[in-house]
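Subject: Structure handover

Hello,

Here is the structure for you to look over. My notes follow below it.

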Amino acid sequence: MTTDVPNAVVPSEFSRPANPEDAELVHKVYCAAPRYFEIISIPDPSVIEVRGELEAAFLDKRRFTELLFAPDQDTCSDIIDPQTGRQIVGYLDYKLDYPDAGDGTVNLLLIIESLQSKGLGRHFVNNLESRLRGQVKRLLASIYGQNHRAERFWKTLGYSFAIDAKPVLDWYAKTL
Ligand SMILES: CC(C)(COP(=O)(O)OP(=O)(O)OC[C@H]1O[C@@H](n2cnc3c(N)ncnc32)[C@H](O)[C@@H]1OP(=O)(O)O)[C@@H](O)C(=O)NCCC(=O)NCCS
């Protein structure tokens, strides 16, 4: 396992980094996807807990958190980013060189519920793959709990079962 700081990830035109100051915004995104927390059987995180997560990510040079923006004019969200004025449709949290050197792992991709099943998840995974290609050999997705929909989602995108860390976690993987 390497401890080197990875190369900067190519920025996306459809996202911006989420910092600890964005805790309330990320919390709004979580509140717009309550079924996810039911599926993984944890209470909806508080703003303070979200801030703690963002702070942990901020201190980890291999971990990246992003607010995801509507990629086209047909996609509308009422969660507005005060920094850019853009509409926020989801949140992404991933880590490089994890679990092994040369890997990348998506800890969480979350699309707000009113906009799910419209191709946005696919769009943001394709976008992340393009940005990481050449830097990451294998991209993994970690799936908590009994999240069958997420399993189907990652399988549809070409990921296959890789690591069983039951009872809490499954990892799906794809070679880039
Ligand atoms: C999982 C998630 C990210 C998928 O994003 P999405 O925007 O809803 O998915 P897409 O519309 O891009 O769908 C892509 C594929 O996933 C599958 N899929 C999407 N919605 C589905 C549903 N309701 N039931 C079954 N399969 C589904 C389909 O195979 C779809 O392929 P298609 O576009 O050819 O039909 C989204 O549902 C979500 O945020 N869920 C809550 C958080 C979560 O569970 N994240 C996954 C763990 S990292």
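The buried residues of α3 are covered by elements that include α1 (23-31), β2 (63-69) and β3 (88-96). Keep in mind that this is a predicted model.

Start with α3 itself. The buried residues in α3 are Val50, Leu54 and Ala57. Seen down the axis of α3, the buried residues fall within an arc of 60°, so they line one face of the helix. What does the face of α3 turned away from the buried side carry? Ile48, Ala56 and Leu59 sit there, and these residues are exposed. The length of α3 also checks out. The helix covers residues 47-59, which is 13 residues. At 1.5 Å a residue, α3 should span 18 Å; the end C-alpha atoms are 18 Å apart, so the two agree.

Now β3, one of the elements over the buried residues of α3. How many of the nine residues of β3 are buried? Nine of nine are, and the strand is mostly covered.

β3 has strand partners to look at. With β2, β3 pairs in the antiparallel sense, over seven bridges. Within that pairing, Phe64 has Tyr94 in β3 as its bridge partner. With β4 (residues 103-111), β3 again pairs in the antiparallel sense, over seven bridges. Here Lys95 stands opposite Thr105 in β4. β3 and β4 form a hairpin with six residues between the strands. Asp97 in this hairpin takes a positive phi near 55°.

One point to hold in mind when viewing the strands: in a regular strand the side chains alternate between the two faces of the sheet.

Next, the chain as a whole. The protein chain has five helices and seven strands. From the N terminus on, the order is β-α-α-α-β-β-β-α-β-α-β-β. Along its principal axes, the C-alpha trace spans about 40 × 35 × 35 Å. How does the radius of gyration fit a compact globule? For 176 residues, such a globule would have a radius near 16 Å; the protein chain has 15 Å, which agrees.

Buried residues make up 31% of the 176 residues. Of the contacts with a separation of 6 or more, 62% are between residues 24 or more positions apart.

Best wishes

Methods. Residues numbered from 1 in each chain as written. Predicted model: local features only at pLDDT ≥ 70, side-chain atom pairs only at ≥ 80, totals over all residues. Helix = DSSP H or I, 4+ residues; strand = E, 2+ residues; numbered from the N terminus. Rg over C-alpha atoms; globule rule 2.2 N^0.38 Å. Buried ≥ 20, exposed ≤ 12 C-beta atoms within 10 Å, placed from the backbone. Contact = placed C-beta atoms within 7 Å. Expected span 1.5 Å × (residues − 1). Arc of directions from axis to C-beta. Pairing = 2+ DSSP bridges.
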